[in-house]
Amino acid sequence: MRIVILSKGAKNYSTRRLKEEALKRGHTVRVVNYAKCFVTLENGNTQVHYKGKEVRGVDAVIPRIATNLTRYGSSIVRQFETQNVFTATTSISIVRSRDKLRSIQLLAKAGVGIPKTVFARETADFKGVLEQVGGVPVIIKVVRGTHGNGVVLAETPKAALAVMQAFYVEGVNFLVQEFIKESAGVDIRAFVVDGKVVASMIRQSLDDDFRSNLHQGGEGISVELTPKERRTAERASKAMGLSICGVDMMRSNRGPLVLEVNASPGFSVEQVTGSNVAEEVIKYVEHAAVTRRDKDKVGA
Ligand SMILES: Nc1ncnc2c1ncn2[C@@H]1O[C@H](COP(=O)(O)OP(=O)(O)O)[C@@H](O)[C@H]1O
Ligand SMILES: [Mg+2]
């Protein structure tokens, strides 16, 4: 197959691994920096251009869209979709996953365990909001944050109010969430391919940070999931319409709770677990492209 990896970082670990495994399996691979692509549109004729030429004859696209370029990146993915090119992750599912509120709404609807969450704008009924999530400490998160940036732990009602007001004044949408104390600083990343968990790790904050993101200095350790955790991750993948994704969960007293579902999960889980995730992704692309399993069924 002729595979295009849409990635800004040809040298980053995930992109390199995907390319390597695709080549090993006999495919032609090109890494295209979507940030430097442009699209031309006219009646009945659309083209994606990169490095002075049209990108043509593509059988499958594997998007690796950065969160800060979600709009532009997903538009390039959509362009390939309109040209009937198979995409491992659909543009709509990328856009959906980058909105924490929208994601939580879909997960809740599908009956996937999530921390109790309130979406509020003004802080008029500030007390009511805090009560709903069990009082302080509470987590307040920006709807479009990533890598742990924009996630705040407010330990007193005063602090919570100040944070909400700051976000409100800046016009930033936020969620207020129950703080899962029992596993603070630890979460699980389950890497899902073709709707099945293929690798999983625990991420642990190395200092007193309640956030376990590797970007915040967290450390990964290989872990075997319980059947319930596995099922939860797989249901989250389905609810979000993401056959390939990274599901972040916390081990709470009432079972696994999903925090978020990442549409372009990093492959560093390979280095932690020793599993070949990139190969699984390429295998998925091989058969899904033939059976055209890229139709979105989420409907929201
Ligand atoms: N409700 C919560 N209770 C306890 N810790 C949380 C909660 N929500 C997030 N965290 C911690 O903060 C980290 C970042 O939160 P997350 O929702 O995944 O945002 P991001 O998209 O920035 O990674 C999580 O990995 C987890 O360690
Ligand atoms: Mg996260």
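Domain bounds here come from an automatic or database domain assignment. Keep that in mind as you look at this predicted model. The assignment gives domain 1, residues 2-91, and domain 2, residues 116-179. How far apart are the C-alpha centres of domain 1 and domain 2? They lie 37 Å apart.

Let's start in the loop between β1 (2-7) and α1 (13-24), where you'll find Asn-12. This residue has 13 other C-beta atoms within 10 Å, and a residue needs 12 or fewer to be exposed or 20 or more to be buried, so Asn-12 ends up partly exposed. Now look for Phe-267: Asn-12 and Phe-267 are 255 residues apart in sequence, yet their C-alpha atoms are 9.8 Å apart in space.

Next, go to helix α4, which covers residues 100-109. Its buried residues are Lys-100, Ser-103, Ile-104, Leu-106 and Leu-107. Those residues cover an arc of only 165° around the axis, so they sit on the same side of α4. What covers them? The list includes the helices α3 (91-97) and α7 (227-239), along with the strands β8 (117-120), β9 (138-146), β11 (174-178) and β16 (255-262). After α4 comes Gly-111, with a positive phi near 75°.

Strand β9 turns up again around ligand 1, where it gives four residues, the largest share of the shell. In total, 23 residues surround ligand 1, and the closest are Pro-115, Ile-139, Ile-180, Arg-211 and Ser-212. The elements giving two or more residues to this shell are β9, β10 (149-154), β11 and β16. What kinds of residues make up the shell around ligand 1? Sorted by class, there are eight nonpolar, nine polar and six charged ones.

Now for some backbone details. Most residues other than glycine have a negative phi, and most peptide bonds are trans. With that in mind, check the peptide bond from Val-136 to Pro-137: it's cis, with omega near -5°. Pro-137 lies in the loop between α5 (126-132) and β9.

Is His-147 buried or exposed? It counts as exposed, because it has 12 C-beta neighbours inside 10 Å. Asp-194, in the loop between β12 (186-193) and β13 (196-205), also has a positive phi near 55°. With 16 C-beta neighbours inside 10 Å, though, Asp-194 counts as partly exposed.

Conventions. Residues are numbered from 1 along each chain as its sequence is written. Chains are lettered from A and ligands numbered from 1 in the order in which they are written. This is a predicted model: local features need pLDDT of at least 70, side-chain atom pairs count only at pLDDT 80 or more; totals for chains, interfaces and linings use all residues. The arc is that of the directions from the helix axis to the C-beta atoms. Two residues are in contact if their C-beta atoms, placed from the backbone, lie within 7 Å. A residue is near a molecule or strand if its C-beta atom, placed from the backbone, lies within 6 Å of it. Ala, Val, Leu, Ile, Met, Phe, Trp, Tyr, Cys and Pro count as nonpolar, Asp, Glu, Lys and Arg as charged, and the others, Gly among them, as polar.
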